[in-house]
Amino acid sequence: MPTAVVTGANSGIGHAFAQVLIREGYDVIAADINVTEKLTSLQCDASQLDVTSPSSIASFASHIGDRPIDLLLNIAGIMLPKDEDALSTVSLAALTQTFAVNTFGPLLLTQALLPNLLRADRAKVGVMSSRVGSIMDNTSGGSYAYRASKSAANSVFKNLAVDLRGKGVAVVIMHPGIVKTQMTDMGRGIPEAVAPEEAAEKLWGVVKGKGVQDTGRFWHREGFELPW
Ligand SMILES: NC(=O)c1ccc[n+]([C@@H]2O[C@H](COP(=O)([O-])OP(=O)(O)OC[C@H]3O[C@@H](n4cnc5c(N)ncnc54)[C@H](OP(=O)(O)O)[C@@H]3O)[C@@H](O)[C@H]2O)c1
């Protein structure tokens, strides 16, 4: 049975993705900063993990031990309220907090679990980025910390793709579209917003189809490539 680690699995897209992978026959280790009944309701190993904390990452890695990991999905993320992330309001604290969760956490978790990924045959690592992290696609401005944290995550995971290609590990950078989760106030007022289940199902189709030949590219949930 292949093993998958999913962060942000207590809520939204991460929770829906964990459900998809359990159905697909993965032994899922579902992790989140808060372990609630929603996380423990998943029929899998539910673990506490704060991706911004090196000691939490170390405990999580030791909980996994030397098990091979076939798929690591870095889905946990935050977006501060728009009025705390605008040109006139963004602060060092907002930037630091957002980068810690969205950019540094996924890199440091991947670093910690690299020995496990290398023990698997053709492992994959994914990160839930966002189209707003595309510098070329930016026509709306604002969201300084969130946007920059996702652009930087794209850079980090492209870099991982280069470093891990020769080791047979594929990297997939994902955009889920606008999804009805707590992050978007359940997509209130956004007609194109989709349910997390739809985003996870379509992104699973993307992840499943990619290998080292496609490593380090930025994919929309609908399967087309996004510009950097
Ligand atoms: N929803 C969208 O339209 C959309 C669009 C583009 C990209 N994304 C990305 O998709 C990912 C999932 O977002 P979502 O919409 O599903 O939001 P969500 O429902 O808020 O889920 C995010 C999860 O990450 C957890 N988390 C926050 N900080 C963490 C930390 N330090 N360590 C571990 N877990 C932590 C949250 O826990 P708590 O809630 O308990 O703090 C929450 O369970 C994010 O990376 C987001 O940026 C979402």
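Because the model is predicted, local features need pLDDT of at least 70 and side-chain atom pairs count only at pLDDT 80 or more, whereas totals for chains, interfaces and linings use all residues. Residues are numbered from 1 along each chain as its sequence is written.

**Confidence**
- The protein has a mean pLDDT (the predictor's confidence in each residue, from 0 to 100) of 98, and 100% of its residues reach 70 or more.

- The ligand is surrounded by 30 residues (C-beta atom, placed from the backbone, within 6 Å), and the closest are Ser11, Gly12, Ala76, Gly77 and Thr181.
- Helix H1 (12-23) and helix H4 (92-119) are the elements that give two or more residues to this shell.
- H1 gives the most, with three residues.

**Packing of H4 and H5**
- H4 packs with helix H5 (residues 144-165) at an angle of about 20 degrees, the axes (lines fitted to C-alpha atoms over the stretch in contact, with angles from 0 to 180 degrees between N-to-C directions) being 9 Å apart.
- H4 is therefore roughly parallel to H5, a term for angles under 35 degrees.
- Residues in contact (C-beta atoms, placed from the backbone, within 7 Å) include Ala94, Leu95 and Thr98 in H4, and Ala145, Tyr146 and Ser149 in H5.

Key: Helices (H or I, at least four residues) and strands (E, at least two) are DSSP runs, numbered from the N terminus. Angles under 35 degrees count as roughly parallel, over 145 as roughly antiparallel, 65 to 115 as roughly perpendicular and the rest as oblique. Two residues are in contact if their C-beta atoms, placed from the backbone, lie within 7 Å.
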